[in-house]
Amino acid sequence: MTKPSLLELPPGVQLLYLAEGGANVIYRFVATPVKSALAVKKDPRWSLGPVTIDSIDHATVPSLFKGKLLRLRKETAADISYKEIVNNFDTTVRPLFKPEELVDQNLIRLPEGLIQRCNEQLHISELNGQRPKKRHGGYLCLHEPFGLLITDMTTFDDPGAILAEFKPKWLTQSPTAPTSAHRCRTCALREMKNHDARRVGLKEQCSFCPLDLVSERFENVLRATALIKGSHDRARLARILYRNPTLQKLQSQQKSWARVGMLGPSPLSRATCLDMTLRDCTMYIKIPRDESSSIEIRLGDLDLKTGAGGKAKYWRDIEFQLIDGAWYSGSNISQTQSVCTLQN
């Protein structure tokens, strides 16, 4: 069977900075004249302005790139190539879900000089105060020849739509939690972290109980929506989430790969890495204003995690702390009142 030819980014395409995290920068494709693109710069989402790849004044976006964003890799200590990331995604994550349930990602070869020009823009944005300060000094990897085409889950093409997003971590209890636990893994960890935050005068976390998301009681799901980013219409979002098949499938996969804690294979094993990946993904829900229109629900942030660099030890150390500190049981004297489903 012949493999499909590798996608290549045309040199005439223009890009606008959209967002960035610790390991990647996300760009949007632009199909407008440069002058129009600069006018859009007033919107904070376009704070870095356009990155013009060549001197073409009127770049067009091929239909292949419509509904897609471009993800570029930063220079990081892990230094995991996009080829490896995509291979792990295709062989390990993709088979677990339907295509329409995932934020897709595909390799695309970058034109010569693009990374250098993007880095120049990032540096300029630092000098003029447009780039977030916590991202200063982090630049794109010069020896990465590829970018990733990813599904665009923003509401840019549908301004009337709403995007809800959240991390459905630990939709099942940790396999090594005490059988008498009154806190799920997420709620126990949140209370332990809040205890540490109070001691040093930092702001405490406020988050939903993930067990509420998959509860058979609609009122529990509704309770969780109060703490979900983008949930302007809580009742509608709760109806979407209640017995949602993608959420239930994720819960089922988390159960299947429940190897975390002090049980299971080596913390450096592929199974453990997948286990933690499935517990740290993001669910994106694009909700159109018109209730008769279809809703798009996808899971993203599914790069296979690695236990290297001390991460595996950290995962297991956290479990020991939650158990030994009585955070699962809810009997720690430093704990505050919780709304964990297990408490009800």
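At what angle do helix 4 and helix 10 pack, and how far apart are their axes? Helix 4 and helix 10 (residues 311–324) pack at an angle of about 85 degrees, with their axes 10 Å apart. Axes are lines fitted to C-alpha atoms, for helices over the stretch in contact, and angles run from 0 to 180 degrees between N-to-C directions. That makes helix 4 roughly perpendicular to helix 10 (65 to 115 degrees counts as roughly perpendicular).

This is a predicted model, in which local features need pLDDT of at least 70 and side-chain atom pairs count only at pLDDT 80 or more, while totals for chains, interfaces and linings use all residues. Residues are numbered from 1 along each chain as its sequence is written, and side-chain values use heavy atoms, with hydrogens and water left out.

**The whole chain**

Show the protein chain as a cartoon: 10 helices and 10 strands. These are DSSP runs numbered from the N terminus, with helices being H or I of at least four residues and strands E of at least two. Of the 344 residues, 47% are buried (under 20% relative accessible area, 1.4 Å probe, protein chains only; exposed is over 50%, and partly exposed is in between).

**Helix 4 against helix 10**

Select Arg185, Ala188, Leu189, Met192 and Lys193 in helix 4. They meet Tyr314, Trp315, Ile318, Glu319, Gln321 and Leu322 in helix 10; contact means heavy atoms within 4.5 Å.

**His182**

Next, select His182, in the loop between strand 8 (162–166) and helix 4 (185–199). His182 is partly exposed, with a relative accessible area of 41%. Among the residues that His182 touches, leaving aside those up to four places away in sequence, are Tyr328, Cys340 and Gln343. The C-alpha atoms of His182 and Thr341 are 8.4 Å from each other, although the two residues are 159 residues apart along the chain.

**Helix 6**

Move to helix 6 (residues 218–225), where Asn220, Val221, Ala224 and Thr225 are buried. Down the axis of helix 6, the buried residues fall within an arc of 145 degrees, so they line one face of the helix. The arc is that of the directions from the helix axis to the C-beta atoms. The buried residues of helix 6 pack against helix 5 (210–213) and helix 7 (234–241).

**Thr92**

Finish at Thr92 in helix 2 (residues 82–93). Is Thr92 buried or exposed? Thr92 is buried, with a relative accessible area of 12%. Not counting residues up to four places away in sequence, Thr92 touches Arg270, Leu274 and Leu304.

Methods: Angles under 35 degrees count as roughly parallel, over 145 as roughly antiparallel, 65 to 115 as roughly perpendicular and the rest as oblique.
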